[in-house]
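Below are some notes for a colleague who is opening this model for the first time. Please read them with the structure in view.

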Amino acid sequence: MKSFSGKALFLDRSDINTDEIIPAKYLTEISRDALAPYLLEDLKFDGFDPTADIADKSVVVTRANFGCGSSREHAPWALEVNGINLVVAESFARIFRQNMFNCGMMAVELPVDTIDKLFSTFGGHDTTVETDVDGGTITVSAEGMTETISFTISRFDADLVASGGWVDFADANY
Amino acid sequence: MGRTIAQKIFDDHRIGTPDTDVQVIRLDAVFCHEITTPPAIVDLQQRGKDRVFDPARIKVVIDHVSPAKDSKTALQGKILREWARRHGIVDFFDIGANGVCHALFPEKGFVRPGYTVIMGDSHTCTHGAFGAFAAGVGTTDLEVGILKGVCTFKTPETICINITGTLPNGVFAKDVILSVIGRIGVNGATNKVIEFAGPVVDAMDMESRMTLCNMAIEAGGTCGICAPDRISVDYLWPFIKDEYDSPEAALADFSKYLPDPDAAYAQTIDHDVSNLTPMVTFGYKPDNVKPVSEMAGTRVDQVYIGSCTNGRISDLRIAARVLAGKRINNTVRAIVSPATPKVYNQALEEGLIKTFMDTGFCVTNPTCGACLGMSNGVLADGEVCAATTNRNFNGRMGKGGMVHLMSPATAAATAIAGTIANSPLYTR
């Protein structure tokens, strides 16, 4: 199983699309590692600098409809090769969410109030997320503040995370 | 309660339910292109599983960057080509026979009412126009589709969008779908299927229905679906005439995929288009939509007519009608990319290509190209394109570029004016 804990990157915008996560011009790469320098290259909003902000981060916290647009699995791959295996959001686009679990990564949905509180409490701080996959909790902490939040993923999604993805699971079962 | 089209298709294809709300369905077709398939092929090889579930059900095209523009895109084509040969995949469309996947595959008769189809391409929802369940997926789902002929989906809920009224002259399917996305938002149909219904859809030809369904994904929809009818049967007849005694018999068979009158929809939206005007996007999201009149006068650098949304023969005919006898403004450059070789040939025979060239358009071979900023018309930083494509995301057609989505009629009128403009086909 992959690691789902570490420093958090807060992306305070809804509808971040897969073209912003990894622009199409890099889809000519066959190797996943080649995508690493280009993660979130075309994401533009005040206070976000991809070159400075992504380094050392392992978890993304964001708003609604993350990963909309193109079906490119290069989007989860670009996160993965940067050491980010967990995205926590209010909601996800269908294909992106499925791609994450298909790769043994996690896309965790939390209620809008919880996401709001994460941003208002921890946004702008040096924040760490500890994930207990079996217990279904994330513990978010920064500068003496700590918050433990429960989440649920389906049994099927949990199986994909445990088995490292969909290919072997499908080949064994269908 | 009765069943929706998607529920009926799922009921006919379900082979497993690994979890509440998760269904494994059998696939009738798996479509492949050179961007998302090579990583699946390489991964299957590395796993020692370089197999395909059924070469006759796998359809393959090189379309996103064609002809190859550099060594990397040449390698993507090479991997796909060698894989298709190795596995005896007969329906492989290489340079010369290739076109934009979602225009080419319908034209070849590869989609039937009731089919289940996946492809590693988000605009796969286009094929729902034939009464099929067709969904874009990532490379891992595609890989499993290739290997096993199955895919998982959540139990599909359906939004019924009932398009009513009478479409005014000069207002097209593209304007309808832009207005729908503007209304429900880029997240309005996430995890749901959209059934497009009502008298306006019933009167549309297949190409217009494909334009509608093509952009279901821009509202987050898993698939757009139109109910099969006589118009879909007539389109498919050359491909199914050996399977049925008559078009009536085919229609009777396909009618098993009509939605029940009391189908259980998650939501029903009545969308009256009687007063709809030509629409255009203004920001970086497909739900940032305004009437063209409110954007009139906006300067553009490039006009692009093509793509899986609006690169079919009816689109080129409408654009050529607006362009005939005119010249494009000397402040713009304009590109038309017929979506398939058949469309290109028809456009040649009908004199449309000459019209485009006489007005100052560059005519390219069929390819996805500029739509996603990969080739054949990428924008420079700060440039603006009036495009008949489907996405206006920041950087989509090139870093720092802005894309305004619109119909072919509006794009043609914009090419003449040099700024965003309504076409004379719109007479209100």
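1. Helix 6 of chain B passes helix 8 of chain B in a right-handed crossing. In this predicted model, helix 6 covers residues 173-184 and helix 8 covers residues 206-214 of chain B, and the two pack at an angle of about 25° with their axes 9 Å apart. Since angles under 35 degrees count as roughly parallel, helix 6 of chain B is therefore roughly parallel to helix 8 of chain B. On the side of helix 6 of chain B, the contact is made by Ala173(B), Lys174(B), Val176(B) and Ile177(B). Helix 8 of chain B brings Ser208(B), Thr211(B) and Leu212(B) to it. By class, this contact has 4 nonpolar, 2 polar and 1 charged residues.

2. A helix pair also joins the two chains. Helix 7 of chain A (residues 166-173) packs with helix 5 of chain B (residues 139-148) at an angle of about 25°, and their axes are 9 Å apart. Helix 7 of chain A and helix 5 of chain B are therefore roughly parallel to each other, and the crossing is right-handed. Chain A contributes Trp166(A), Val167(A), Ala170(A) and Asp171(A) from helix 7. From helix 5 of chain B come Thr140(B), Asp141(B), Glu143(B), Val144(B), Leu147(B) and Lys148(B). The residues of this contact divide into 5 nonpolar, 1 polar and 4 charged.

3. Within chain A, helix 4 (residues 94-102) and helix 6 (residues 155-163) have axes that come within 8 Å and cross at roughly 45°. That makes helix 4 of chain A oblique to helix 6 of chain A. Arg97(A), Gln98(A), Phe101(A) and Asn102(A) in helix 4 meet Asp157(A), Leu160(A) and Val161(A) in helix 6 of chain A. The contact has 3 nonpolar, 2 polar and 2 charged residues.

4. How many cavities of 30 Å³ or more does a search of the whole structure find? The search finds 4. The largest cavity holds about 240 Å³ of space. It is lined by 23 residues, and the closest to its centre are His64(B), Asp121(B), His123(B), Leu372(B) and Arg396(B). Helix 4 (101-107) and helix 12 (307-310) of chain B are the elements that give two or more residues to the lining of the largest cavity. By class, that lining divides into 8 nonpolar, 11 polar and 4 charged residues.

5. Two places in the backbone deserve a look. Most residues other than glycine have a negative phi, and most peptide bonds are trans. The peptide bond from Ser66(B) to Pro67(B) is cis, with omega near -10°. Pro67(B) is in the loop between strand 4 (58-61) and helix 3 (71-86) of chain B. In chain A, Asp15(A) has a phi near 60°, a positive value in a residue other than glycine. Asp15(A) is in the loop between strand 1 (6-11) and helix 1 (18-21) of chain A.

6. What does Lys44(A) touch, not counting residues up to four places away in sequence? Its contacts are Arg13(A), Asn394(B) and Lys399(B). Lys44(A) is found in the loop between helix 1 and helix 2 (50-53) of chain A. Lys44(A) and Glu20(A) are 24 residues apart in sequence, and the distance between them in space is 8.3 Å, C-alpha to C-alpha.

Key:
Residues numbered from 1 in each chain as written. Chains lettered and ligands numbered in written order. Predicted model: local features only at pLDDT ≥ 70, side-chain atom pairs only at ≥ 80, totals over all residues. Heavy atoms only, no water. Axes fitted to C-alpha atoms, helices over the stretch in contact; angles between N-to-C directions. Helix = DSSP H or I, 4+ residues; strand = E, 2+ residues; numbered from the N terminus. Parallel < 35°, antiparallel > 145°, perpendicular 65-115°, else oblique. Left-handed = near helix turned anticlockwise from the far one by under 90°. Contact = heavy atoms within 4.5 Å. Nonpolar A, V, L, I, M, F, W, Y, C, P; charged D, E, K, R; others polar. 1 Å grid on protein atoms, 1.4 Å probe; cavity = no way out; pocket = protein on both sides within 12 Å on 5 of 7 lines; lining within 4 Å. Points joined across faces, edges and corners; volume = space filled by probe spheres on them.
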